[in-house]
Amino acid sequence: MVSSRSRSKTRESRALGIALTPKAARYMEKRPYAPGEHGRTKRKADSDYAVRLREKQRLRAQYGILEKQVRIAFEEARRSAGLTGENLVELLEMRLDALVLRAGFARTISQARQFVVHRHILVDGKLVDRPSFRVKPGQLIHVKARSEGTEPFQVAAAGGHVDVLPKVPGYLDVEIDKLQARLVRRPKRAEVPITCDVQLVVEYYAAR
């Protein structure tokens with residue numbers, strides 16, 4: 001039986017036009033249209049606001065975070081040197097839960113967050129239970145020794161998520177069999193495996 005959480009993620013994926021979980025990806029291959037009775041029919045053109053809103057929702061959904069967290073990251077990105085949209089993605093990508101997912105320790109962003117909250121993840125040998133913790137270049141992310149033998153991490157160590165996750169990005173140095181990964185440098189937007197027009201996200205927040 002499919003859980004209500006799984007169903008909601010699949011529905012959200014179809015509405016946003018991006019697969020948020022491996023299960024949603026399989027479902028969308030069979031039903032490549034939006035949910036609801038009008039999903040198969042051609043939609044009227046969205047307003048500029050609706051297009052920007054959808055891109056913001058896409059970004060939020062792929063990191064599984066609250067609106068407040070995106071807004072805080074946006075304000076920091078805007079104050080930083082460089083392009084605001086690229087800065088925003090780079091800041092979100094340095095979240096601990098995002099890097100746990102990119103490293104292949106977890107299968108989905110929600111599972112990655114759960115691993116952090118349940119105190120399975122260390123950064124430079126210290127327990128960190130905040131998914132929003134920002135990892136600095138040079139820091140080592142690894143699974144707690146007492147957790148390594150559990151089934152989810154044994155699956156991960158054997159490369160069990162390779163087929164459903166994007167290729168490990170260049171800003172991470174991963175030793176999956178040892179369940180450890182080092183952030184070697186700040187991510188660049190072009191390398192971050194998310195689907196989002198960040199300029200539209202910037203326009204959404206700039207207009208508010």
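The model is predicted, so to speak of local features a pLDDT of at least 70 is needed, side-chain atom pairs count only at pLDDT 80 or more, and totals for chains, interfaces and linings use all residues. Residues are numbered from 1 along each chain as its sequence is written, and side-chain values use heavy atoms, with hydrogens and water left out.

**The sheet**

Let us begin with the strands. Helices (H or I, at least four residues) and strands (E, at least two) are DSSP runs, numbered from the N terminus. Five strands make up an open sheet with the order 2-1-3-5-4 and antiparallel pairing, where two strands pair if DSSP finds at least two bridges between them. Strand 2 (126–127) and strand 4 are the edge strands, each pairing on one side only.

| Strands | Sense | Bridges | Opposite residues |
|---|---|---|---|
| Strand 1 (residues 121–123) and strand 3 | antiparallel | three | Ile-121 and Val-143 |
| Strand 3 (residues 140–143) and strand 5 | antiparallel | three | His-142 and Gln-180 |
| Strand 4 (residues 172–175) and strand 5 | antiparallel | four | Val-174 and Ala-181 |

Strand 4 and strand 5 also form a hairpin, with four residues between them. Leu-179 in that turn has a positive phi of about 55°. In a regular strand, side chains alternate between the two faces of the sheet. Strand 5 (residues 180–183) has Ala-181 and Leu-183 on a covered face, and Gln-180 and Arg-182 on an uncovered one.

**An enclosed helix**

How many of the ten residues of helix 5 (residues 84–93) are buried? Nine are, so helix 5 is largely enclosed by the rest of the structure; buried means under 20% relative accessible area, exposed over 50% and partly exposed in between, with a 1.4 Å probe and protein chains only. Among the buried residues are Asn-87, Glu-90 and Glu-93, along with Leu-88, Val-89, Leu-91 and Leu-92. The cover over the buried residues of helix 5 includes helix 3 (48–63), helix 4 (67–79), helix 6 (96–102) and helix 9 (198–206).

**Helix 4 against helix 9**

Two members of that cover also pack on each other. Helix 4 and helix 9 meet at an angle of about 95°, with their axes 11 Å apart. Axes are lines fitted to C-alpha atoms, for helices over the stretch in contact, and angles run from 0 to 180 degrees between N-to-C directions. Helix 4 and helix 9 are therefore roughly perpendicular to each other, a label for angles of 65 to 115 degrees (under 35 is roughly parallel, over 145 roughly antiparallel, the rest oblique). Glu-67, Val-70, Arg-71 and Phe-74 of helix 4 make the contact with Val-202, Tyr-205 and Ala-206 of helix 9; contact means heavy atoms within 4.5 Å.

**Aromatic rings**

Phe-74 and Tyr-205 return in one aromatic cluster, together with Tyr-49 and Tyr-204. The structure holds four aromatic pairs. One of them, Tyr-204 with Tyr-205, is edge-to-face, at 5.1 Å centre to centre and 85° between the planes. Rings of Phe, Tyr and Trp (its six-membered ring) pair if their centres lie within 6.5 Å; planes under 30 degrees apart count as stacked, over 60 as edge-to-face and the rest as tilted. Tyr-204 and Tyr-205 are both buried.

**A buried histidine**

Finally, His-161 sits in the loop between helix 8 (151–157) and strand 4. His-161 counts as buried because its relative accessibility is 7%. Leaving aside residues up to four places away in sequence, His-161 touches Gly-104, Phe-105, Ala-106, Arg-107, Gln-111, Val-155 and Ala-156.
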